[in-house]
Structure formats: C-alpha cells, structure tokens
Amino acid sequence: MKEFLSEKGSIYIHLDWRMNSYVRLLLDEILGFDNFQREIIWDISVLSGFKSLANNWIRGHDTILFYSKDTNNIIFNKQTTEHREEYIKRFNKADKDGRKYFDGRGVKRYLDEVLEKGKPIGDVWNDIMSFQQIPTAVERLPYPTQKPELLLDRIISASSNEDSLVVDFFCGSGTTCAVAEKLNRRWIGVDLGRYAIHTTRKRILEIANSKDLNDTSKKYGKPARPFEILNLGKYERQFWQVKAFNRKDEKQALYEYLAFILKLYGAEPIAGSSHIHGKKGNALVYVGAVDSPVTIQEVNDAMHDCKEMGQKELHILGWEWEMGMNDTIKDVAKQGGIKLLPITIPMDVLEPEAARKGDVRFFELAYFKVDTETDNKDLKIKLEDFVVPHTDLIPQEVKDSIKKWKDWVDYWAVDFDFKNDTFNNTWTSYRTRQDRKLNFTAKHTYEKTGTYKVLVKIIDIFGIDTSQLYEIKIK
Ligand SMILES: C[S@@+](CC[C@H](N)C(=O)[O-])C[C@H]1O[C@@H](n2cnc3c(N)ncnc32)[C@H](O)[C@@H]1O
C-alpha cells in the first residue's frame, strides 16, 4: 500500500485493543515514526446491555491510526463540528449593538464568529454512532465490521481532495467506495470475496436510486458515475507461464499445467491428440489455456477428435469463455451426438492449501435464455430462463426456499451497445433487502439503425456471474 500511496496521501487503519499496539509498531517501521499523525479514539460505547455487565471499566472505543506518506506534504482539510451548548452559554455578555461575546484570558471572542468557524474536530470522536448502537440503520448490510458512512465521510473529506484517488484494499460491503463516490473522489475497492464485490457493486448502483437514499446519500443526492469491475485472476494464472519462461521449457510447463488441472478435476491425462488432454470415466476432457478464453473453434476441434476416438461425452474446462459459448456450442454438440459440458476452472485451484486438500470444486457454466423483440428502434429483452448447474453443493434449506427459476437471480444487467471491452450497465435490475422484486424485461431505444452487440449479464444469489452476447439488428 505504501508503494501505491501518493506523496500527499494518508492511510487510516481501524483497529481494536487487540491489534492496535502491534500494528502501530509495524506502521512506524514501514512508513516511518515521523509519519505517525494521530491516534484517533472512536468512542463506540454502548451503555446498556451485555457490555456494561463487565466488572471493570466498560470498554467503549476503537482506535483509528492515521499515518501519512510524507509528513511535510500532506493533504489535510480541517473538519469542524458544532460547538457544545455549554460553551455557547459562556457568551453571555453583549456589546452596545447587541453582539454577544465571551472574555477568555483577556481575549474577546464573538459568538457569531465562533459559530461560523465551528469547532475543529479533535482526535476523540464521540459523535459518530457505530452499528452496535444503531443496528437497524438503513445503510446496514450484513457485514460484521461495517463502518458507518459518516465515519468515512469525515476521513475522506479531511485527507483527500476532489481529484484524489481513494483506495480500500479490503472493501467489504463497500462503505469507503460509496462515500468516496458521493464525495466526488475517484476510488478503487478491492476484495477477495466474490460476494463482497457483488455487495459493493449493488451499493454503488443504489446511490443512483433516490427512493432508497439514506441520510448521507440524501446529502449528496446524485447518481454514481460509471465504474468497472475487474478480475485479477488472469494475472495470478500467469504464474504457469512465468514458470515456463524461467525454465525455458514451455512444453514441460504446459505438461505440468495440464497434469495439475486434470488431477484436481479427477481425470487421467491421455496422449495422442492435441485437442483432448484427459479422460474422466467415459468422458474425454479438454483443458483450456491459462491466458485466453476458450473459443468456439477450440471446442469444435475437441468435438472432432472426440468423435474420431469414438466417444460420446466431452468436458471442456476453461477459465474464461468466448461470449455466447454455452448457447451456440451445446446445439452444435447435440447435432453431432455428443454430450458436451463446459466447466469453469475455479480460482481455488490457485490456492495451494485448497488444492492440496482436494477442496477444489468445478462448476458447470450456468445457462440462461432471453427473448428479444424489436419494434423500429425499440428493443425489448425478456429474461425467460436461468439454470444454476451446480445445485448438488447448495444446502437443502436454500434449495427448498427456491420455488421458481427466477428466485436464483439476484441481479441482471444489459449493455445495449457492447464494444468488446468494458461492460457498461446501461440497464439493471436487482434485489435489495427492502425491495425483493426484479424486473424481467429490459427496454432500450436506439438512436440509430444498425447492428448492435448486446451483452446480458446475470448474477445469481451466490454472486456468480454469467454473461451472454447477442447480435441485434435495428432497422
Ligand atoms: C473488515 S472487512 C472490510 C471493511 C471495510 N474496509 C470497511 O471499512 O467497511 C474485511 C474484508 O477484507 C477481505 N479480505 C480479507 N483478506 C483479504 C485479502 N488478502 N485480499 C483482499 N481482501 C481481503 C474480506 O473478504 C472482507 O470483506
């Protein structure tokens, strides 16, 4: 994080009494003792309930350590709050013109000036409630350490400007990103949890949704700007290529890669065909490359070899897929009398511990169907079906609560003019905790006639993405 941090930047770390002292020493070492700025005490005391039973001083605060990259060159916008009533009461004298003031050690202070300036905020914060104090807050999502937006508002307002970039490398439910967005900062959120990313994505989109605006959103009241979601898995995967490069022996590295994936999938390697790599029971197995999506051409080649070998079932393992794969290819396979399963290689194979324990699970690609209808320049896309293929691993009580295919869908979005790069959410519908309804028909009006690529993305209730590409002619 230090490497990425701007020369004018700051870092804030929220800790409780267990880690506070250790992390502080680490930060002194990493950022330098001189870059320690403040230890902020965040008063989160809850006076009633379980905590106050302790026969001790009741524990009531967390710590936020504030460090800078360079103490002589730091963005800091002083924050103020309202003065306390007891202080205001001291301004009990008045000038001839009625202007109220207060004498303190020979200095005359005027109430109007004092009120205008506000009270500079110190390093003890007792005016921001934690979710332990307000468990029913609207912005609350089911994240145990979620922070209130007001806390992030104070930190981001003080330590960044509008052109700054705010980063939370452990973004959880996305509080930092949401507040940075509302404060017009650019932002990056990172998390290894698929669900955290999904929660954050919905939360940012929610900013646009004025009907659900919570208190802090109301204060800023404007929709979020477009943002992108990127998956770094591809870069991690390239470790196999690095291996090949180091050894100057690509063939050996490729062989190791195939053997590794086949083993985790429970298949045996077989030789003799360039488009078939293994065998699992009666099925033949093809393993897609590390650094590129499996193409329809590759699948056709593997199907060809499968037929030549007199086999009827083919499993294609891939990290990523050429758009439209599932729909197109299954039809082709059926015509050729082959049972085809496209299976996604899970990111878990990169975790040595999971791979060693055999905890890695492979899932079949989800399937969905839409109906498209055009009328002049209007396009209607209706979601008609969605099939989660990996139901054997889903807990029974979840399965029991699913009554129809629609219940698997948590979110769906359409980019009506996909340009082969970034997915632009031109249209979305998703469930929130308050509103469980989804709209299953997306509509769009094009400005110009032409052929458009339309990308439909569905995210199921487990946070797993599936996308399909359609070509639409607007006449
Ligand atoms: C305490 S929550 C984050 C809270 C959030 N920063 C906030 O201010 O509200 C911690 C998050 O870190 C994520 N996480 C844990 N280890 C990680 C890692 N090595 N890389 C990225 N994210 C990680 C977890 O998935 C979890 O969502």
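Two remarks on conventions come first. Because the model is predicted, local features need pLDDT of at least 70 and side-chain atom pairs count only at pLDDT 80 or more, while totals for chains, interfaces and linings use all residues. Residues are numbered from 1 along each chain as its sequence is written.

I begin with the chain as a whole. The protein chain holds 14 helices and 24 strands; these are DSSP runs, helices being H or I of at least four residues and strands E of at least two, numbered from the N terminus. Of its 475 residues, 24% are buried, meaning that 20 or more other C-beta atoms, placed from the backbone, lie within 10 Å of the residue's own. Two residues are in contact if their C-beta atoms lie within 7 Å. Among contacts with a separation of 6 or more, 57% join residues 24 or more positions apart.

Let me turn to helix α6, residues 194-206. Its 13 residues reach 18 Å from first C-alpha to last, close to the 18 Å expected at 1.5 Å a residue, where the expected span is 1.5 Å times one less than the number of residues. Why is α6 described as largely enclosed by the rest of the structure? The reason is that 10 of its 13 residues are buried. Among them are I197, H198, R201 and E206. The elements covering these buried residues include α5 (175-182), β11 (186-189) and β23 (450-460).

Next, the nonpolar cores. A nonpolar core is a set of buried Ala, Val, Leu, Ile, Met, Phe, Trp, Tyr and Cys residues joined through C-beta atoms within 7 Å. The largest has 24 residues, and those with the most contacts inside it include I261, V285, Y286 and L317. Elements that each supply at least two residues of this core include α10 (250-265), β14 (283-287) and β15 (313-318). Leaving aside neighbours within four places in sequence, L317 contacts residues including I261, Y265, V285 and I345. A second, separate core of 22 residues includes I381, W412, A413 and V414.

Finally, the sheet. Three strands form an open sheet in the order β18-β19-β22, with antiparallel pairing; two strands pair if DSSP finds at least two bridges between them. At the edges lie β18 (367-375) and β22 (441-445), each pairing on one side only. Strands β18 and β19 (residues 378-387) are joined over nine bridges, and V370 stands opposite L383 in β19.

Terms used. Buried ≥ 20, exposed ≤ 12 C-beta atoms within 10 Å, placed from the backbone.
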